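Reader: Hi! I'm new to reading structures, could we walk through one together?
Author: Happy to, let's bring it up.

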Amino acid sequence: MASLTIVRPGMLTTIQDLGRWGHQASGVPVAGPMDSYSHRLANRLVANDDSAATLEITLLGPELEATGDVLCAVAGAQFDLTTDSGTVSCGRAFELKHGARLRFGRRTAGARASLAVRGGFDVVPVFGSRATSVISRMGPFGGRPLAPGDILPVGHQPARTDSVSGPYALPLPQGGARLRAIPGPHDAMFTPDAINVFFSGTYTVTPASNRMGYRLEGPSVARAGGGDILSDATPLGSVQVPLSGQPILLMADRQTTGGYPKIATVISADTPLAGQLAPGDWVQFSPCTRAEALDALHRLERRLAGHAS
Amino acid sequence: MTSLLDTGVQRVTAAGDAALVAEFPARIDPAINERAAAFAGALRAKWEAILRDVVIGYCTVTVYFDPLGVDGRWLEAEMRSMAGHIGEQEFESATVIDVPVCYDGDFAPDLADVAAFGKCTTEEVIALHAGRRYRVYLVGFIPGFAYMAEVDQQIAAPRRSSPRTAVPAGAVAIAAGQTGIYPAVTPGGWNIIGRTPLRPYDPARPEPFIFKPGDHVQFTRISRDEFNRRC
């Protein structure tokens, strides 16, 4: 059976699929890729299902060695990629020959890349998913980030039947991103002025950010009064506001419930872009309706399917 | 105006484009929580095939869906319509779960702070904590963490001003009117008053989770020796 072995793990490399759905009522976090668009794109480049497990690579990339010939593709953050036989490109499938190494070099844009292999990473699912949840130690390799010597088995690789017609890559943030967000569900707990501050301010992703969430720094968002809420569910893209007034954007490894009021929720079409932000990047939020959110999501799907707009 | 006795859905609202929240009156109330659980059960029974997840809060039910596959406006209308028909459905007789707790020394770093909050002795804190039965309102945060209520007002100390970066597994803690057990080492801001040898989540067990909403919980004091025996 073919596999990839971790020679150097990079900063934070984990196995991810589309997430561990259906068990949040037991406190099991969804996890999954920070940039689900690039996860799916990488899979499509090697003719996998969108749900196949990929590697998520963060800021500093790994070095991997192939056992058996493995068809690979990298999408998302732009890295200089080299193999023993030369340079390869992000956004295009390439074969890593038996014994050859793939090295992630300089990162030129974005924060996280997805590496897909034809056949997917064949690790044992936990509660129906191969996603790694570091905070709850759940998933492959005991839910921990990958370490030197880890052997990642590659699933059965059927002969390729079709060449994948070019889906478009996600446009990457250039120093920051404007994210569209639907106000609520707890917007009534904030003064109109505070909501205005939130949607007009520029925030910075602080170093105290991770796969669970981004702690943002910027104009303080004041509550209309009252304390926290009684704990309830915390969807991807929720923007929590603790008493400090400094918002927290909840990301892939978020906990399933929380007690801070949520002023707005980033739309599904923009959470992949949020997943490409790094500490130091700026963020702005613009208000958006549900109809606009759905329209944006349809456009993103068309982009992934290879249509220009 | 909402009557204090009203325990029904107050509104259904969007939490982004992929989740909808049914909000019940915002208070810790067994009747409200039972209605939320009944509503969650009805939603699961009817729409399991199209919902990604159904999550109960203290007084909310959140449904997750794929906005490309499910019309959010239609689902919202369905939820409103179903909300009108939630009965006073009783839980099948609540399970009572006994949780042994050692309240000694280094297992209870915040016991003195809680006693100071309650203007009482640490022995009185223990007696009050173990002296009543709690209801599991929801399971959330991380796998197996049960939010239980309601803690006696006298010892309902608020969250610590600065959370610990690592709370040990099995730590029994209080925050405002709530009590809970940390299933694994995690950051946490609740006041730690004891430790249980019980593991709320253990993937090696045939049934990995001990607690579910609606369960009743009784804490029983054990000695350090007994704790060591049961670990």
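Reader: Which residue stands opposite Val61(B) in strand 4 of chain B?
Author: That's Ala22(B), which stands opposite Val61(B). Before going on: this is a predicted model, in which local features need pLDDT of at least 70, side-chain atom pairs count only at pLDDT 80 or more, and totals for chains, interfaces and linings use all residues. Residues are numbered from 1 along each chain as its sequence is written, while chains are lettered from A and ligands numbered from 1 in the order in which they are written.

Reader: Ok! How many bridges join strand 2 of chain B to strand 4 of chain B?
Author: There are 5 bridges between strand 2 (residues 19-23) and strand 4 (residues 60-65) of chain B, and the two run antiparallel. Two strands count as paired if DSSP finds at least two bridges between them. Strands themselves are DSSP runs (E, at least two residues), helices are runs of H or I with at least four residues, and both are numbered from the N terminus.

Reader: What order do the strands take in that sheet?
Author: In chain B, 4 strands form an open sheet in the order 1-2-4-3, with antiparallel pairing. Strand 1 (11-14) and strand 3 (51-56) of chain B are the edge strands, each pairing on one side only. From one strand to the next, the twist averages 20°.

Reader: And which helix packs on the sheet?
Author: Helix 2 (residues 72-83) of chain B does, touching strand 1, strand 2 and strand 4 of chain B. Its direction makes about 20° with that of strand 2 of chain B. Such angles run from 0 to 180 degrees between N-to-C directions, with axes being lines fitted to C-alpha atoms, for helices over the stretch in contact.

Reader: What does strand 10 of chain B pair with?
Author: Strand 7 (residues 146-149) of chain B is joined to strand 10 by 2 bridges, running antiparallel. There, Met148(B) stands opposite Thr179(B). Strand 9 (residues 171-175) of chain B also pairs with strand 10 in the antiparallel sense, over 4 bridges, and Ala173(B) stands opposite Gly180(B).

Reader: Zooming out, how many helices and strands does chain B have?
Author: Chain B has 5 helices and 13 strands. Its radius of gyration is 19 Å, close to the 17 Å that the globule rule gives for 231 residues, so chain B is as compact as a globular protein of that length. That radius is taken over C-alpha atoms, and the rule is 2.2 Å times the number of residues to the power 0.38. Buried residues make up 45% of the 231 residues in chain B.

Reader: And chain A?
Author: Chain A has 4 helices and 18 strands. Along its principal axes, the C-alpha trace of chain A spans about 60 × 40 × 30 Å. Of its 309 residues, 52% count as buried.

Reader: Which domains does chain A have?
Author: Domain 1 (3-153) and domain 2 (176-304), with bounds from an automatic or database domain assignment. Their centres, taken over C-alpha atoms, are separated by 26 Å. In chain A, 23 residues of domain 1 are in contact with 16 residues of domain 2; contact means that C-beta atoms, placed from the backbone, lie within 7 Å. Helix 1 of chain A supplies the largest share of domain 1's side, 5 residues.

Reader: Last one: how many residues of chain A are in contact with chain B?
Author: 32 residues of chain A are in contact with 36 residues of chain B. Helix 4 of chain A gives the most to chain A's side, with 5 residues.

Note on methods. Contact = placed C-beta atoms within 7 Å. Buried ≥ 20, exposed ≤ 12 C-beta atoms within 10 Å, placed from the backbone.
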